[in-house]
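Below is what I looked up, in the order I looked.

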Amino acid sequence: MEKDDLQEEYLEGEVILEGRIIRVERDSVRLPNGLVSTREVVRHPGAVGVIAVLDQEILLVRQYRYAIAQETLEIPAGKLDANESPLECAERELQEETGYRGSMEGVSTFYTTPGFTDEVMHLFLARDLIWDPLKPDEDEFLRVERIPWDKAVQMARQNLFKDAKTILGILLLQGQI
């Protein structure tokens, strides 16, 4: 099978939901074998995650995630606003969620779940942190926790984090902090 043999052709589509953060579309596509099928796609503006390191500790945020009905411990993260670059978003989210700002370095860019969404996640490493808080979003309730870097790596390896961007960010930087 050649590369082009995997392509699906868009035929028509409809918007099922236009939400505050996402848009859900249902499309009809022609498959490589000529059959027609349906694809449901969640459109997302993109997001950032920040691995923030202060004195050999990683800053994490504990928050309740309604979709999974439980608290998570995650790296600071958030959605890109309209016309906002990933770097600008990372700087803003770090300040809003942890109260710190610092020098930013790009680490990775990836699709979060390409089977049903076009969301792109941009990971950054923040160092040289300085206390300079911004007001958090009014619908955001979280606690900042500092964990020694080596312990965070161990937690990621032991599957103690349930958030993929947090696991990936820590493991990508293992040995570099």
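I began with contacts, meaning heavy atoms within 4.5 Å. Among contacts between residues at least 6 apart in sequence, 56% join residues at least 24 apart.

I noted what I was working with. This is a predicted model, where local features need pLDDT of at least 70, side-chain atom pairs count only at pLDDT 80 or more, and totals for chains, interfaces and linings use all residues. Residues are numbered from 1 along each chain as its sequence is written, and side-chain values use heavy atoms, with hydrogens and water left out.

**Overall build.** I counted 3 helices and 10 strands. Both are DSSP runs numbered from the N terminus: helices are H or I with at least four residues, strands are E with at least two. In sequence order I read β-β-β-β-β-β-β-α-β-β-β-α-α. The C-alpha trace spans about 60 × 35 × 30 Å along its principal axes.

**Surface.** I looked up burial next. Buried means under 20% relative accessible area, exposed over 50%, and partly exposed in between, with a 1.4 Å probe and protein chains only. Of the 177 residues, 38% are buried. The protein exposes about 10900 Å², and carbon and sulfur atoms supply 49% of that area. The areas come from the Shrake-Rupley method with a 1.4 Å probe; for residues, only the protein chains shown count as cover.

**Annotation.** The unreviewed UniProt entry carries "domain: Nudix hydrolase" over residues 42–171. I kept in mind that such annotations may be inferred rather than shown by experiment. I found the end C-alpha atoms of residues 42–171 to be 27 Å apart. That span is 23% helix and 45% strand.

**Histidine 44.** Where does histidine 44 sit? I found histidine 44 in the loop between β3 (36–43) and β4 (47–54). Histidine 44 counts as buried because its relative accessibility is 17%. Its side chain reaches the backbone nitrogen of glycine 46 at 2.9 Å. Leaving out residues up to four places away in sequence, histidine 44 touches Ile21, Ile22, Lys79, Thr117, Asp118 and Glu119.

**Lysine 135.** Is lysine 135 buried or exposed? Lysine 135 is exposed, with a relative accessible area of 73%. I located lysine 135 in the loop between β9 (120–131) and β10 (142–148). I also checked lysine 135 against glutamine 95. The two are 40 residues apart in sequence and 8.2 Å apart in space, C-alpha to C-alpha.

Conventions
Polar contact = N/O pair within 3.5 Å; in protein donor to acceptor, adjacent residues only side chain to side chain.
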